[in-house]
Amino acid sequence: SYVKKVLDKDLHRIAEGIATGKNYPNFLAEGEIQAKVMRVMEILYSNPNVVRIMYDVKFNASEQAKPLDLILEHSIRTTLLTVALGLRLRWTILSLVSIGTAALLHDMGILTTSLYSDLENLDELSTEDIAHFIEKHQAFSARLFQDQGMAMNPIHHREIFHTIANHHNPDPEDLKHGNTLLFHFADLVDEMISLLPHRLRYNFSSEQLELLGERYKRRCGLVHVLLALTRLYKHQGGLAWEIVSNLAGLFRMK
């Protein structure tokens with residue numbers, strides 16, 4: 001109960017910061033969306049395993065407080081954005097709980113990588129080493145979720161595992177795993193516009209960067225990110241473009 005109170009305090013602080021629109025683009029401006037998002041978050045926070053995974057490390061890593069806080073805040077903020085986007089797309093409550101669980105836990109594996117002690121070193125890695133880091137932290141996060149043995153429907157368990165294990169490199173044509181694709185875009189947007197422990201951003205693939213330019217290896221504003229996603233996906237259509245279009249609409253930039 002005590003840990004959940006800490007989690008609730010962080011959640012409401014982050015949600016209120018988004019709603020003010022001062023330091024982060026407000027995607028909770030629509031009152032109905034905001035109320036529904038917070039109801040889904042309450043469902044997610046009722047799972048003690050989720051709470052424990054997120055905050056076990058927080059109470060035992062004071063020397064890494066700032067990087068850890070940035071990662072945890074990113075996870076909570078991305079969950080809020082993911083759920084809001086899913087609501088806009090009229091996805092089911094079961095899908096929202098699954099994708100929200102994956103969003104909360106998707107980066108916890110970073111804490112077990114060798115680079116966690118100094119994440120600024122990511123800025124100096126080669127393209128191959130970055131790819132290895134992405135693969136590792138996805139795998140570690142998925143394994144952390146797997147090891148919890150959470151009691152849930154096997155189908156939802158597999159979907160959460162797949163989302164965590166593939167959130168940086170989903171297949172836009174794989175309609176079976178639409179949750180993974182939706183979360184990929186929400187995660188990409190937050191990572192591109194938010195402060196992280198490192199300057200490097202590795203959300204766009206090498207092929208995409210050839211089209212977009214090297215500037216997208218670094219943090220940039222929401223307008224630039226949405227323009228990049230529009231350039232990449234508008235002419236492809238399908239689920240990817242539907243998600244991107246609704247993402248822009250959520251920020252009132254459609």
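## Helix α6 and its neighbours

The buried residues of α6 pack against α5 (93–105) and α7 (154–165). Here, buried means under 20% relative accessible area and exposed over 50%, with a 1.4 Å probe and protein chains only. Helices are DSSP runs of H or I with at least four residues, numbered from the N terminus.

This is a predicted model, where local features need pLDDT of at least 70 and side-chain atom pairs count only at pLDDT 80 or more, while totals for chains, interfaces and linings use all residues. Residues are numbered from 1 along each chain, and side-chain values use heavy atoms, leaving out hydrogens and water.

Which residues of α6 are buried? They are I130, F133, I134, H137, Q138, S141, A142 and F145. Seen down the axis of α6, these buried residues fall within an arc of 150°, so they line one face of the helix. That arc is taken from the directions from the helix axis to the C-beta atoms.

After α6 comes G149, with a positive phi near 60°.

## A look at α3

Helix α3 covers residues 48–56, and its N49, V50, V51, I53, M54 and Y55 are buried. N47 caps the N-terminal end of α3, with a side-chain oxygen 2.9 Å from the backbone nitrogen of N49.

Notes
Helices (H or I, at least four residues) and strands (E, at least two) are DSSP runs, numbered from the N terminus. A polar contact is a pair of N or O atoms within 3.5 Å; within protein, one must be able to donate a hydrogen and the other to accept it, and residues adjacent in sequence count only if both atoms are side-chain atoms. Contact means heavy atoms within 4.5 Å.
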